[in-house]
Amino acid sequence: MQREEKQQDAVLEAVISRVNDLKTSIGAMIFKVENEYETLNWPNFLDNFALISGQLTSLTKILSNEKAPALRNFTVLPLMLKPDLDENLARVTEGRLTTFSHDIVPDYLRTKPEPDAEMKMVQLEHKANCVTYETTQKQVATMNKVVGHVWDLVNKAREEWESEAGSRSGAAQTFSLTDTPLLVAAISMGKGLKHTVTPGAMMGGPPPGPQRGPGALGPPQGPPGGIPGQMGPMGKAPSAIKTNIKAAGQMHPYR
């Protein structure tokens with residue numbers, strides 16, 4: 001008997017120690033969430049959550065140990081009830097509970113639900129028992145039909161999305177990644193384009209000099225007694241200076 005009591009005391013001390021550590025960790029996490037939410041980042045939050053999870057795992061191992069007594073088999077009974085202030089109780093509960101009176105015991109040591117909740121549960125159980133088996137089967141069949149219809153709609157939408165994604169990925173490429181930048185640069189900045197202008201093209205007529213037809217034979221004939229490339233007195237060709245002036249006037253109209 002003494003050995004069992006010692007094991008029970010040791011287990012209770014270990015459980016109380018783990019519960020206090022867990023309470024401290026949860027309080028620190030709540031404090032950070034409420035007061036340091038502006039600077040709190042996700043990695044720190046996950047670290048605190050991992051610490052709490054580890055403490056819960058340690059507490060579960062202690063309670064599930066073979067040497068630990070089954071605490072659910074023990075009954076907690078109040079030894080003394082009084083409406084006066086109890087300093088030891090306030091210290092143990094950290095000020096949450098200062099008296100242990102007849103009004104508080106039913107709430108803290110309750111083993112059954114509250115009367116209102118118990119009454120509501122009884123009403124729901126009575127309502128469920130009044131429903132016949134056929135009505136229950138019809139309701140279940142209707143629910144299954146609705147769920148199956150929704151399931152079919154979701155599967156159909158998923159198949160359409162997958163087919164659209166597959167067609168987009170398998171479509172033939174209609175453009176060249178190397179030619180597109182060259183084309184844009186040529187259109188916007190004229191990069192790579194060769195621009196040549198002849199004097200005749202600037203004046204809007206054929207280039208100066210003797211013209212020969214496609215069927216003409218023999219060397220080009222110039223005006224008699226003159227320099228090749230010049231016309232007669234009646235058809236005198238304009239000089240190079242006048243030609244340049246006229247071409248400049250056509251390129252730059254009056255503003």
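Which residues does Phe100 touch, not counting residues up to four places away in sequence? In this predicted model, Phe100 touches Pro78, Met80, Leu81, Lys82, Leu89, Val105 and Leu109. The place of Phe100 is in the loop between helix 3 and helix 4. Its relative accessible area is 18%, so Phe100 is buried, the cut-off being under 20%. One of the residues that Phe100 touches is Pro78; the two are 22 residues apart in sequence, and their C-alpha atoms lie 8.6 Å apart in space.

**The chain as a whole**

The chain has 9 helices and 0 strands, and its pattern along the sequence reads α-α-α-α-α-α-α-α-α. Of its 255 residues, 10% are buried. Among contacts in the chain with a separation of 6 or more, 42% are between residues 24 or more positions apart.

**Helix 2**

Helix 2 covers residues 42–63. Its 22 residues reach 32 Å from the first C-alpha to the last, close to the 32 Å expected at 1.5 Å a residue. The buried residues in helix 2 are Asn48, Ile52, Gln55, Leu59 and Ile62. Seen down the axis of helix 2, these buried residues fall within an arc of 80°, and therefore they line one face of the helix. Helix 1, residues 2–35, is included in what covers the buried residues of helix 2.

Not counting residues up to four places away in sequence, Gln55 touches Asp21, Leu22 and Ser25.

Helix 2 also holds an aromatic pair. A search of the whole structure finds 1 such pair. Trp42 and Phe45 form this pair, which is stacked, with 5.6 Å from centre to centre and 20° between the planes. Both residues lie in helix 2, 3 residues apart, which is about one turn of the helix. Trp42 is exposed, with a relative accessible area of 58%, whereas Phe45 counts as partly exposed at 24% relative accessibility.

**Helix 5**

Helix 5 spans residues 115–130. At 1.5 Å a residue, its 16 residues should span 22 Å, and its end C-alpha atoms are 23 Å apart, which agrees. The count of buried residues among the 16 residues of helix 5 is 0, so this helix is hardly covered.

**The loop between helix 3 and helix 4**

In general, most residues other than glycine have a negative phi. Glu94 has a positive phi of about 55° although it is not a glycine. Glu94 lies in the loop between helix 3 (87–92) and helix 4 (105–108).

**Accessibility of selected residues**

The residues discussed above are listed here with their computed values.

| Residue | Relative accessible area | Class |
|---|---|---|
| Trp42 | 58% | exposed |
| Phe45 | 24% | partly exposed |

**A pocket**

Rolling a probe the size of a water molecule over the atoms shows where empty space is left. The second largest pocket has a volume of about 190 Å³. Its lining consists of Val15, Ile16, Val19, Asn20, Lys23, Val92, Thr93 and Arg96. Helix 1 gives the most to this lining, with 5 residues.

How values were computed
Residues numbered from 1 in each chain as written. Predicted model: local features only at pLDDT ≥ 70, side-chain atom pairs only at ≥ 80, totals over all residues. Heavy atoms only, no water. Helix = DSSP H or I, 4+ residues; strand = E, 2+ residues; numbered from the N terminus. Expected span 1.5 Å × (residues − 1). Buried < 20%, exposed > 50% of the residue type's maximum accessible area, 1.4 Å probe, protein only. Arc of directions from axis to C-beta. Contact = heavy atoms within 4.5 Å. Phe/Tyr/Trp six-rings, centres within 6.5 Å; stacked < 30°, edge-to-face > 60°. 1 Å grid on protein atoms, 1.4 Å probe; cavity = no way out; pocket = protein on both sides within 12 Å on 5 of 7 lines; lining within 4 Å. Points joined across faces, edges and corners; volume = space filled by probe spheres on them.
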